[in-house]
Amino acid sequence: MLIKKHGDPKKNRPPKKYSAPEKPFDGMMISLAGCLTRTHQYWKSKIEKYGGKVNNSVIGVTCLVVSPAERDRGGSSKVAEAVERSIPVVREAWLSDSIEKEQAQPLDAYDIASDIAVEGRGIPLDKMDPSEEALETITAELKVFGKRGVHKDTKMQDEGARILEKDGLLYNCALSVCNQKNQINNFCIMQLIMSPENCLHMYCKKGRIGDSIRADDKLEEWEDVDDAIKEFARLFQELTGNEFESWEREKKIQKKHHKFFPIDVDDGVEVRHGALGLRQLGSSAAHSKLDPMVANFMKVLCSQEIYRYALMELGHDSPEVPIGMLTDLHLKRCEETLLYFVEKVKSVKETGQEAEGVWYDFSQRWFTLMPSIRPFTFRDYTDLAEHAASAYETIRDVNFASRIIQDMSGSTLDDPLFERYKKLGCIVSPLEKESDDYKMIVNYVEKTYEPISVGEMSYGVSVENIFAVEVSSCPSLDDIKKLPNKVLLWCGTRSSNLLRHLQKGFLPSVCSLPVSGYMFGRAVVCSDAAAEAARYGFTAIDRPEGFLVLAVASLGEEVKEFSNPPEDTKALEEKKIGVKGLGRKKTDEKEHFVWKDDIKVPCGRLIPSEHKDSVLEYNEYAVYDPQQVSIKYLVAVKFDKQGVVYDTSEA
């Protein structure tokens with residue numbers, strides 16, 4: 001009866017449609033970066049299985065997937081580009097959760113980058129975790145790129161505005177003051193700006209370094225040029241206690257208590273603005289006349305990235321202060337301040353009120369001359385070596401790079417890499433991987449390297465490429481062969497310092513301090529251990545590429561040996577005596593050999609030495625005449641994480 005009344009339900013029911021379940025990554029292009037818990041190949045297969053595609057580039061992708069630890073590492077160039085392009089950067093868990101729940105999870109719930117942006121949270125750089133600050137500043141736009149750079153916040157730069165120049169004076173000043181006792185760490189930018197319509201504006205921005213958002217800034221139009229100049233000079237004197245014209249014409253200046261001090265910015269383009277940006281890197285080497293490997297090498301040295309990272313790691317990366325475009329006079333003033341306080345510190349007792357006063361005084365002076373997002377009070381020689389001497393040498397070399405690179409922000413079709421290569425006046429050529437020299441150098445690396453520890457992880461090293469180098473300012477191999485006691489040694493350096501090395505060779509250390517690298521005074525310091533050089537060449541765990549330098553050094557007829565810092569380095573400097581610092585580890589002498597006729601290569605596995613109480617871990621060699629050191633090879637290396645076992649089982 002029921003069937004008659006209502007009919008057969010099976011006949012009236014519409015046919016059921018069967019289709020494959022929706023895949024969580026349908027239509028998505030996903031990019032992967034950094035060291036994930038599973039291999040990139042594992043995730044590639046999973047993403048493709050669930051409907052998505054994987055792209056090596058971040059251009060046009062749905063999101064970039066990284067490890068949660070990425071923010072602790074400061075962010076790679078891939079992360080920086082994604083942030084620049086407003087592409088979501090998400091935790092690896094987004095992949096596994098989307099697969100488990102069978103639908104793509106909201107990207108913003110897994111985002112690790114948007115909350116880092118200063119504009120988004122209003123947190124000053126000096127109050128942020130250093131890793132978050134790093135991700136911000138490596139993508140930050142430099143506000144002033146040099147003496148002629150109109151401040152970006154005025155929005156007048158793109159309109160063709162220019163800094164007023166009258167009677168030989170440029171009206172653009174950067175000022176700084178640091179007094180940690182009073183919690184002062186401030187900057188001030190003053191500019192007179194002429195618009196294309198010849199309207200004059202005065203711009204003044206003042207605030208705490210690293211807190212640009214809360215800084216006070218004012219842009220005012222002035223009808224009378226002379227009145228504007230008078231007001232500019234009045235403000236300068238009010239802030240510094242000195243006359244503007246005496247400073248600008250003759251560099252006469254006196255630091256007044258609690259007053260600002262001028263950062264003497266040079267006329268040029270800082271490398272953070274003028275070097276190759278992220279979007280130019282791909283095309284820059286494509287049409288170069290250089291050998292492809294050399295072109296790629298020059299591309300690295302002409303990119304903004306290595307200079308931004310170098311300044312970020314030192315805490316001197318404020319976008320407001322063009323610290324990579326300083327005058328030689330300002331750099332000389334920094335060097336003199338450092339040398340003066342090194343001697344003063346050595347002359348006082350190690351502890352006590354007088355010593356504390358000396359350290360405090362130097363700290364305030366140093367961070368006024370070299371503005372930092374994170375100033376602190378120096379306490380010991382290690383602080384001086386790492387955050388003053390080494391920082392000064394790096395900033396000096398970044399300034400040199402700015403002058404070599406200049407402005408590459410335009411088209412890359414005119415072969416800018418070749419033009420910069422010609423400026424260096426050196427010859428860089430890749431070694432054949434089957435050559436005897438290549439094999440010898442790889443062996444030298446492997447025998448004398450020990451893993452670098454970062455937290456709980458250890459990093460080995462692999463050789464990517466080797467370049468033979470002829471630096472015109474260094475003695476040729478034929479010339480150095482005439483000198484006595486020649487050794488092929490490792491030299492450590494940041495990538496940001498390489499352009500100067502390639503044009504000028506090595507400069508002696510800036511000062512004498514009883515710590516590694518400086519304990520023999522103003523000398524060129526090398527080592528027979530690649531492990532020692534790698535400490536300087538290693539950048540960060542997510543930026544694993546670096547360079548080690550091999551140089552032939554003549555130690556001279558007389559070589560003195562030390563296992564502790566010598567009391568008098570000046571006598572060594574004056575007599576130019578070769579020095580060997582004896583480390584707690586040495587290379588096995590049974591494996592040493594002679595290369596190129598009579599150049600000793602101390603290549604041997606690292607073994608304990610007889611000098612167990614030495615302050616040095618590895619042997620160091622000091623040469624006081626740069627003309628006794630000749631750079632011969634650049635070894636491009638990659639630091640590889642050791643002992644990592646990737647889980648390739650199914651999720």
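Is Pro-514 buried, partly exposed or exposed? With a relative accessible area of 34%, Pro-514 is partly exposed; buried means under 20%, exposed means over 50%, and partly exposed lies in between, with a 1.4 Å probe and protein chains only. The structure is a predicted model, in which local features need pLDDT of at least 70 and side-chain atom pairs count only at pLDDT 80 or more, while totals for chains, interfaces and linings use all residues. Residues are numbered from 1 along each chain as its sequence is written, and side-chain values use heavy atoms, with hydrogens and water left out.

Pro-514 belongs to the loop between helix 21 (498-504) and strand 17 (524-527); helices (H or I, at least four residues) and strands (E, at least two) are DSSP runs numbered from the N terminus. Although 133 residues separate Pro-514 from Tyr-381 in sequence, their C-alpha atoms are 7.0 Å apart in space.

The cysteines come next. How many disulfides are there? The count is zero, where a disulfide is a pair of cysteine sulfur atoms within 2.5 Å. For Cys-188, the closest cysteine sulfur is that of Cys-204, at 3.9 Å, which is too far for a bond. Cys-188 is buried, because its relative accessible area is 0%. Cys-334 is likewise buried, at 0%.

Glu-221 lies in strand 11 (residues 216-222) and counts as exposed because its relative accessibility is 55%. Together with Glu-223, Asp-224 and Asp-227, Glu-221 forms a negative surface patch.

Methods:
Patch = residues over 30% accessible without salt bridge, like charges linked within 9 Å, V, L, I, M, F, W, Y side chains within 5 Å. Areas by Shrake-Rupley, 256 points an atom, 1.4 Å probe, with all protein chains shown as cover. Salt bridge = Lys/Arg side-chain N within 4 Å of Asp/Glu carboxyl O. Lys, Arg positive; Asp, Glu negative; His and termini not counted. Charge placed at Lys NZ, Arg CZ, Asp CG, Glu CD.
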